[in-house]
Number of protein chains: 2
Amino acid sequence: MEHVKLYDTTLRDGMGGRGMSLSVGEKVNVARALDALGVHFIEAGFPDSNPKEAELFERLAELELENACFVAFGMTRRRGVAAEADAALVALTESFAPVVCLVGKSSPFHVEKVIRVSREENLAMIADSIALCRERGKRPVFDAEHFFDGYREDPGYALECVRAAAAAGAENVTLCDTNGGTLPHAVAAATAAVGAALDGAAEVGIHTHNDSECAVANSLAAVEAGARLVQGCVNGYGERCGNANLASILPALQLKMGFEVVSAEQLASLAPTAHYLDELCNVASDGDRPYVGRNAFAHKAGMHAAGVAADPSSFEHLDPALVGNDRDILPSELAGRATIRTQAEQAGLELDDEATARAVERLKQREHAGYHYEAAPASFELLLRREAGRYESLFKLESYRVVTERRAGGEVETEATIKVEVDGVRYLRVAEGNGPVNALDKALRLAITERHPHLADIELTNYKVRILDQDHGTGAVTRVILDSADGEREWGTTGVSENIIEASWQALVDSLEYAFQPRADAAQPAVGGATTSMS
Amino acid sequence: MEHVKLYDTTLRDGMGGRGMSLSVGEKVNVARALDALGVHFIEAGFPDSNPKEAELFERLAELELENACFVAFGMTRRRGVAAEADAALVALTESFAPVVCLVGKSSPFHVEKVIRVSREENLAMIADSIALCRERGKRPVFDAEHFFDGYREDPGYALECVRAAAAAGAENVTLCDTNGGTLPHAVAAATAAVGAALDGAAEVGIHTHNDSECAVANSLAAVEAGARLVQGCVNGYGERCGNANLASILPALQLKMGFEVVSAEQLASLAPTAHYLDELCNVASDGDRPYVGRNAFAHKAGMHAAGVAADPSSFEHLDPALVGNDRDILPSELAGRATIRTQAEQAGLELDDEATARAVERLKQREHAGYHYEAAPASFELLLRREAGRYESLFKLESYRVVTERRAGGEVETEATIKVEVDGVRYLRVAEGNGPVNALDKALRLAITERHPHLADIELTNYKVRILDQDHGTGAVTRVILDSADGEREWGTTGVSENIIEASWQALVDSLEYAFQPRADAAQPAVGGATTSMS
């Protein structure tokens, strides 16, 4: 079986994404996770750029990797300077990383108009720089920036550039679609032309961006045309629309195109690794992400859910377990007993026939009243727990009151008071908040965390409101969805009422009660969400 | 130039996405926005499924579209039943929609194992159903479900299915990658084979899903292989990983592949339309989305930003203005002076250079603070009116207070008190409501309608809340969008605050003030342009 290698650039090109910023320690953890996944090359960044990078390189040099090797990244030598006199280039050759990736120009427009050197000088810059790295014991990779634009402009010159790199000793020549504008047919044709031009003198690689929503397809098209190394980022981090998403490229190469990339065990760790990387990078995981998203194998439409129950392959392109993901049947009006039973099992609950029938009935009533459990699996689990006799009440509410006031001076203030009974003890508490839900949450936590201190760690991470069947504004029903997290797990709860405060209150109570329920299997995530696990 | 047509299925297949749920009024607004964008076919759903759908079809039947035509969606006849005796099929032929799309099987596995009919019966089901639609004056489209899986299994039978549809009178045969697992080279090969097999007897279409992150590339590959209709959703809504994203397909077809799809003006409304649809669907817009995302032309890496300053084409694959987007930090299409001036003209306002500059500045500040005017054109018009000196204040607020209380008995009660000055007279009023916004609205109306009785007729028709940059629940900013109507017009307003009550108050005040402003041309809809107008 033929091999294709993965080259992850999260630590360098991925950092171009809006809001992306990692500490040295987080970068080390990213490298460990990528190594465990079986990625072959991990691009660490520029070795000489600043003290933080210097510290990173020191830390990375000490890491013992199982699979990957590190790559130091830099540019070809400056114009008119000998390679061995270019300090940045020399620093690259002195870094601990065995592989050095040099980016250089291959488009006449960029050579003549942007960096303003002659075509010949650019070829010399490429050749000298690669040769220096090779002489000093490094394995050089040449990243041909704007290659596809250059190839459109002047195919002959673009090919000369990559031939120069190969002739000087580049182990790999990677063709970059730097602006992300190229479509698959053009990538395939140019990659094939490079393969023919190099004739085995260097391996061909591909580096794409997602500006045309074709980064994955472009990478796969290049592999079909002969590329054997794919640069990108797990989860597709990066500037603008991101780099090519290795989390989608890896399973396609291995499960659909017959290449050997990583082991089956490593592939089965793909989804949790992708979620863990999102956590490290402080990025909200996109549920719709192919292969790894929590919705990627979620079925809602009645016909699809029935089809999947009969034979998963009828509406799934592959077995989610192969990529470490899970099937998810979304609770909806169409859900039958079989679905309810599956959901209960996933939560470690046993429902007999009678309890199942009651749960189906209860779900229908609730959905008719406006509840919607797809985004609130924790509230759904509480519903099942009540029917299974596995529900424990956290507190008893006597009353609450929330006051929001805009004073004559313009200040807005909110205050909530609450009267509850926890373990037989009555608590009266008051709290201020930046809004009514925040104030209620604070007052309730003051009351219950005296007895249950661990519930103080829960964070409300997202809050959504929808008005249902708006009957001209009044009498409308409000549905609230609340997401919570405690550092280990995330869960969603819901509340429905004519009154937005009461709907929010219900979702808030469900959130805390869900966290309070004893769990048969502590590792078991919420219903609906084997997919929400982050480990 | 050759044409390719777009077929949007947001109202049907898009509704399979997690949490997707739209009221009838919102669906009508989706249809209007798609029509203004220049989409050719708008799939409305199943005409007979429930009272809500029946109401939708009644509303859609009254809409006057500029560009699009509606499609009713259903299945081929049941097995062993004559087409004219199949009630669901007959309902399709009786719907107002001129085009009917019928989904049917084309994979032997689905024919024999899932729906369990003979291969011959399946061919008859296709032919009979298409023929009935044609006889009864409809333009039939055949959606060949699981076509690419079927073609892999048994190419001969898959082709027989599409030939049966074409022979029975299908105007278009659309090949569906229902499970989203097919890669572009396979899509291209199968599409070319269909083209050869049909030999012009019917147009070929493509319908893909994003499970392999190749939905866009698959659609483009099919067009290269001869398809001339693309099904999908603007923004790629849908079950699992979503349908093909028409917002990425449209610019690729028109700007990169040389097809004629929509007008240049319509293409330049793509980004605001995509954002408006996200607002309607209550979906957080993904900033990294190709072409339309706020990051799509945002440059962070120093070298790239410098390159773009020198020549945008050095790091941009196309001019963002072509798709209604902006370079770098500007999050909306409204930011340029020319645009502001156009918007002002649409509202019958004159802005001189200085006022325009102030409006641009004010807009930037507001958007930085979290305001978002795409779905709130009336608030935007008020902003312009203030700069144009054409704003009249309705009242002066002294203070308000809202109390929501859940009593010991379980009843929830809400009361608002308000102190305002209207035309120099001070009013103190109190009102109860089913929620805090309703109570505030009632108290405010009590105060102002004594002087301005016509403002009593305004109805609040929709209310949306979004939490921005959720910084662990607290300190988050809340954005409220409020839709109002007075029987003649509909308008959207917005408010932003840490406090949901205060944000709602701002939107409420804007709604009433907007209705109160004197209007040069009473028929003129709110600012916000073709894509955000709601009248």
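The model is predicted: local features need pLDDT of at least 70, side-chain atom pairs count only at pLDDT 80 or more, and totals for chains, interfaces and linings use all residues. Residues are numbered from 1 along each chain as its sequence is written, chains are lettered from A and ligands numbered from 1 in the order in which they are written, and side-chain values use heavy atoms, with hydrogens and water left out.

Chain A holds 18 helices and 16 strands. Helices (H or I, at least four residues) and strands (E, at least two) are DSSP runs, numbered from the N terminus. The C-alpha trace of chain A spans about 80 × 60 × 50 Å along its principal axes. Of its 535 residues, 61% count as buried. Buried means under 20% relative accessible area, exposed over 50%, and partly exposed in between (1.4 Å probe, protein chains only). Contact means heavy atoms within 4.5 Å. Among contacts in chain A between residues at least 6 apart in sequence, 67% join residues at least 24 apart.

Helix 3 of chain A covers residues 87-94. Its buried residues are Leu89(A), Val90(A), Ala91(A), Leu92(A) and Thr93(A). Their cover includes strand 3 (69-75), strand 4 (99-105) and helix 5 (119-135) of chain A. Asp86(A) caps the N-terminal end of this helix. One of its side-chain oxygens lies 3.2 Å from the backbone nitrogen of Ala88(A). A polar contact is a pair of N or O atoms within 3.5 Å; within protein, one must be able to donate a hydrogen and the other to accept it, and residues adjacent in sequence count only if both atoms are side-chain atoms.

Thr182(A) sits in the loop between strand 6 (172-177) and helix 8 (184-198) of chain A. Thr182(A) is buried, with a relative accessible area of 1%. Its side chain makes a polar contact with the side chain of Asp177(A) at 2.7 Å. Leaving aside neighbours within four places in sequence, Thr182(A) is in contact with Phe148(A), Asp149(A), Arg152(A), Asp177(A), Val187(A), Ser212(A) and Asn218(A).

Helix 8 of chain A packs against helix 9 (residues 215-224) of chain A. The angle is about 30°, and the axes are 8 Å apart. Axes are lines fitted to C-alpha atoms, for helices over the stretch in contact, and angles run from 0 to 180 degrees between N-to-C directions. The two helices are therefore roughly parallel to each other. Angles under 35 degrees count as roughly parallel, over 145 as roughly antiparallel, 65 to 115 as roughly perpendicular and the rest as oblique. Their crossing is right-handed. A crossing is right-handed if the near helix is turned clockwise from the far one by less than a right angle, and left-handed if anticlockwise. On the helix 8 side, Pro184(A), Val187(A), Ala188(A) and Thr191(A) take part. They meet Ala217(A), Asn218(A), Ala221(A) and Ala222(A) in helix 9.

In chain B, helix 5 runs over residues 119-135. At 1.5 Å a residue, its 17 residues should span 24 Å, and its end C-alpha atoms are 24 Å apart, which agrees. The expected span is 1.5 Å times one less than the number of residues. Buried residues in this helix are Asn122(B), Leu123(B), Met125(B), Ile126(B), Ser129(B), Ile130(B), Leu132(B) and Cys133(B). Their cover includes helix 3 (87-94), strand 4 (99-105), helix 4 (108-114), strand 5 (139-145) and helix 7 (155-167) of chain B. Just after helix 5, Gly137(B) takes a positive phi of about 85°.

Ala376(B) lies in the loop between helix 15 (353-368) and helix 16 (377-388) of chain B. Ala376(B) is buried, with a relative accessible area of 0%. Ala376(B) and Ile481(B) are 105 residues apart in sequence but 6.7 Å apart in space, C-alpha to C-alpha. Not counting residues up to four places away in sequence, Ala376(B) touches Ile481(B), Gly492(B), Thr493(B) and Thr494(B).

Some contacts join the two chains. His110(B) lies in helix 4 of chain B and is buried, with a relative accessible area of 2%. Beyond neighbours within four places in sequence, its contacts include Ser314(A) and His146(B). Asn499(A) is in the loop between strand 16 (490-497) and helix 18 (500-516) of chain A. Asn499(A) is buried at 4% relative accessible area. Its side chain reaches the backbone nitrogen of Ile501(A) at 2.9 Å. Not counting residues up to four places away in sequence, Asn499(A) touches residues of chain B, among them Thr404(B), Asn434(B) and Pro436(B).
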